[in-house]
Amino acid sequence: MGDDAECEFGRSAADATTVSGDGGARPGRPGPRERTVLRASDGVPIEAAYDPYEGGGRKQAPGAIVLAHGFSGSVDRPALRRAVQVFVQYGAVITFSFRGHGGSGGHSTVGDLEVLDLAAAVGWARSLGHARVATVGFSMGGSVVVRHGALHRPEAHEGRTDAHPGTGHLGGAMGISGSDDIGRPGDIGRSPGIGDAAGPARTHADHSDAVVAVSAPARWYYRGTAPMRRLHWVIQRPVGRLVSRYGLRTRIHPRDWDPVPLSPVAAAPLLAPTPLLVVHGDQDPYFPVDHPHSLAAAGDPDCTDLWLVEGFGHAENAAGPALLHRIGSWVGDRWPAPPDGPA
């Protein structure tokens, strides 16, 4: 979750000063923070920001890093802005607010349709000329980047098949559902724009070249910790959704998944050969360490790394500069060699 949301029902959602823009930033060009509104493939408006590369010794950014916040976060939350200040030393940085969060439209599906929001942000990065794009997600955003990596694959994956469901509605990366086994039926139907069950793998211009999942759950419907039981209450109950809307400033869709979307642990094997880094703290109050272990074990061992960080808590709010720099360095080391032209 973003910014320890369970304890911050009354906190303002945005307190950062930004420079408004039309999204016309170009990689490697210094300048103010740029703002734009993207459109997910199902039409939901997504607010996004572009921070230019500030690393030394290069005229152009080596690539772009797209950050995906946790539940109740947004593009302007202080913890995400702190992460941006580190990651701009490794590449240009794109941040955005998931649907139902911040200034974006729609309602949160808690990790399901959020894959479409991330795809729009990655596509924006590539439209600005970045040939190399990494996705870094925190908590809910961590499972979204894993699922996006599996469902939006580069051309190297053409011909593979995906034997798992595409997406449905609620439950999301945080494991929210009225059941410990399946999502309750609803009338929303299958999500547009994401791969269907047992269909051929498609290629996308909005794929990622490296994936980092920080404090991410591995499986759905987890309620083994008190914070997760509280989060289930917030998402499942009408009064909880009111608390979320007015306290967390996060609008949650009232319906559950139908069908149940691809889980992170099922998505992880589909990422290869895209590098995957799983980062988790031994003091995470939401998800114990069996989550990162199972997520990393599901990935291809030739391109999957696992970091269990001593003393680290949960997601972007607990990630200090040293850990963020370490992640930025890992991303830079695993980006593919740039083609001719801008990185």
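In the predicted model, Arg35 has Ala49 of strand E2 as its bridge partner. This pair belongs to the antiparallel pairing of strand E1 (residues 34-39) with strand E2 (residues 45-51), which extends over six bridges. Five residues lie between the strands of this hairpin, and Gly43 adopts a positive phi near 95°. Ala49 also stands opposite Thr95 in E4. Strand E4 (residues 92-96) and E2 are joined in the antiparallel sense over four bridges.

These strands form part of an open sheet of eight strands with mixed pairing, arranged in the order E1-E2-E4-E3-E5-E8-E9-E10. Its edges are E1 and strand E10 (304-309), each of which pairs on one side only. On average, and with direction ignored, neighbouring strands of the sheet are turned by 20° against each other.

Helix H2 packs on the sheet, where it touches E1, E2, strand E3 (64-68), E4 and strand E5 (133-138). The direction of H2 makes about 150° with that of E4. Helix H9 (residues 321-334) likewise packs on the sheet. The strands touched by H9 are E3, E5, strand E8 (210-214), strand E9 (276-281) and E10, and the direction of H9 makes about 170° with that of E10.

On the H2 side, the contact involves Glu114, Val115, Leu118, Ala119 and Val122, which meet Met140, Val144, Val145, Arg147 and His148 in H3. Classified by residue type, the contact of H2 with H3 comprises seven nonpolar, one polar and two charged residues.

At the level of the whole protein, the model contains nine helices and ten strands. Of the 343 residues, 60% are buried. Among contacts with a separation of 6 or more, 80% are between residues 24 or more positions apart. The accessible surface amounts to about 12500 Å², and carbon and sulfur atoms account for 51% of this area.

Technical notes:
Residues are numbered from 1 along each chain as its sequence is written. This is a predicted model: local features need pLDDT of at least 70, side-chain atom pairs count only at pLDDT 80 or more; totals for chains, interfaces and linings use all residues. Side-chain values use heavy atoms; hydrogens and water are left out. Contact means heavy atoms within 4.5 Å. Helices (H or I, at least four residues) and strands (E, at least two) are DSSP runs, numbered from the N terminus. Ala, Val, Leu, Ile, Met, Phe, Trp, Tyr, Cys and Pro count as nonpolar, Asp, Glu, Lys and Arg as charged, and the others, Gly among them, as polar. Two strands pair if DSSP finds at least two bridges between them. Buried means under 20% relative accessible area, exposed over 50%, partly exposed in between (1.4 Å probe, protein chains only). Accessible areas come from the Shrake-Rupley method with a 1.4 Å probe; for residues, only the protein chains shown count as cover. Axes are lines fitted to C-alpha atoms, for helices over the stretch in contact, and angles run from 0 to 180 degrees between N-to-C directions.
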